[in-house]
Protein chains: 2
Amino acid sequence: MTTTPAPGSPAWWTRRTTPAPAPRRGRGRPSLDTDQMVATALRLIDEHGVQTFSLRTLADALGSSTATLYRHFANKDEILALTVDLALGEAHTTPSGGPAEWRDVLSTMGHQLRAVLARHPSLLPTLMDHVPVGPNALAQRERVLAALLHHGLPPALAARAFTAVGHYVIGFAVQQREFDGPPLADYYGRLDPATHPAIAATAESLTAIGPDDEFAFGLGLLLDGLAQQIDR
Amino acid sequence: MTTTPAPGSPAWWTRRTTPAPAPRRGRGRPSLDTDQMVATALRLIDEHGVQTFSLRTLADALGSSTATLYRHFANKDEILALTVDLALGEAHTTPSGGPAEWRDVLSTMGHQLRAVLARHPSLLPTLMDHVPVGPNALAQRERVLAALLHHGLPPALAARAFTAVGHYVIGFAVQQREFDGPPLADYYGRLDPATHPAIAATAESLTAIGPDDEFAFGLGLLLDGLAQQIDR
DNA sequence: ACCTGAACACCGTTCAAGT
DNA sequence: ACCTGAACACCGTTCAAGT
């Protein structure tokens, strides 16, 4: 019995249990271990985008070979998942000041997660196609859920609120991301008003508000709905 | 001046303006045209997943060659975008019964979009990494926004509500999708309650409710928040 | 004028052969 | 015991050569 079995392919995020003895080379210090490899991968993805990130480039940056990577990780997906989890570790998902209300807990979580995505925009695609269940992701889920339960939220509501806020932040980041060109609102605004009158009419008001305000607006909307659900 | 310039790479979704004369071979009927190619691509993706979809397999299915595909499309991304737009065309985003309330408009949109994703789950990754701006996506945005404006929603609110519902549905689909293995709730439930007490406590209540109810719950939550925003 | 085989420069992954 | 060059079976994309 190794570690907890993960959903989907066999333990897809878990660090591969080292094949034989531990792969440390120096004396006490790990020299070049798995953590440093993941950190290097995150740096490469931040600097050059996930599109150009390959096992070749990672091996080169480490002064190693692609075959060696497979002694530390099961496959490329696992490396990407660990990379996401490393970045998630930067978030402080509970408010620093003492005992907050449940609303503050979720608001802080939303803003912190958004900050992580702002620092590592290239991680967005990877974050989207798997629910992160790495150690840092789990620790944060635990911390936030514990805080919500502590403030009296029913368990079912707490779990769904956590998910809802997570989805909102990711969804917002996707929308916000401007491709290589002009923002989406400009594109909508340039459509023919004759064929798309409603899109044109709403496009203007989209640009009037800054992204920070829009983020806060939508998050507040979600929390308002939650509050109503509780008082019911 | 061709068509409206799209965001990002030059007109990434628009059908490539045919190079020379129109590429129709028969007499009046298009025989094997771009639309059929996209339809075949969608079928292949539905049947075998987006992971195994390659230009080679598409060319084979069409009895053609990969090089020929580039006479109809700019690149693979464009094919995927058109595939998504074709699927989005299946949605009927306005309620069939006469003049509904704004709440019904958004609710219908949410359920319709969810139905499309249920029919074409393999499209989820593609839907996630670009905001769809194909002809069908635009037509639906137009229809829904027009209905919302007609029912008195302020333009800024209408635009954000549309986005919020879209994000919610996509986010829900991501969460709902079970990988190859057991659902996520099972995974959470199997974690050590000693180290993750809150996750364990909330995992139980997650499985108690069916996916349809959970979807409706979250959507209602969002709409409640919106309603409060309007009455303010 | 249209189509395509074959090439190009890559991938992720594996394994026999090195030390 | 550990590492890796080189291969394998693919990619998306291009273009010279066919008809």
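Contact means heavy atoms within 4.5 Å. Helices (H or I, at least four residues) are DSSP runs, numbered from the N terminus.

This is a predicted model: local features need pLDDT of at least 70, side-chain atom pairs count only at pLDDT 80 or more, and totals for chains, interfaces and linings use all residues. Residues are numbered from 1 along each chain as its sequence is written.

Chain A has 11 helices and 0 strands. Of its 232 residues, 48% are buried (under 20% relative accessible area, 1.4 Å probe, protein chains only). Take the contacts in chain A between residues at least 6 apart in sequence: 70% join residues at least 24 apart.

Helix 1 of chain A covers residues 34–48. Its buried residues include A:Met37, A:Ala41 and A:Leu44. They pack against helix 2 (55–62), helix 3 (66–69) and helix 4 (76–88) of chain A. A:Gly49 follows helix 1, with a positive phi near 85°.

The structure also holds 4 cavities of 30 Å³ or more. A cavity is a set of points on a 1 Å grid over the protein atoms alone where a 1.4 Å probe fits but cannot get out; lining residues have an atom within 4 Å of a point. The largest cavity has about 390 Å³ of space. Helix 8 (155–176) and helix 11 (211–231) of chain A, and helix 8 (155–176) and helix 11 (211–231) of chain B, each give two or more residues to its lining. Among the 28 lining residues, A:Tyr168 and B:Tyr168 are two of those nearest the centre.

| Lining class, largest cavity | Count |
|---|---|
| Nonpolar | 16 residues |
| Polar | 8 residues |

Ala, Val, Leu, Ile, Met, Phe, Trp, Tyr, Cys and Pro count as nonpolar, Asp, Glu, Lys and Arg as charged, and the others, Gly among them, as polar.

Technical notes: Chains are lettered from A and ligands numbered from 1 in the order in which they are written. Side-chain values use heavy atoms; hydrogens and water are left out. The expected span of a helix is 1.5 Å times one less than its number of residues. Buried means under 20% relative accessible area, exposed over 50%, partly exposed in between (1.4 Å probe, protein chains only). On a 1 Å grid over the protein atoms alone, a cavity is a set of points where a 1.4 Å probe fits but cannot get out, and a pocket is an open set with protein on both sides within 12 Å along at least five of seven lines; lining residues have an atom within 4 Å of a point. Grid points are joined across faces, edges and corners, and a volume is the space filled by probe spheres set on the points.
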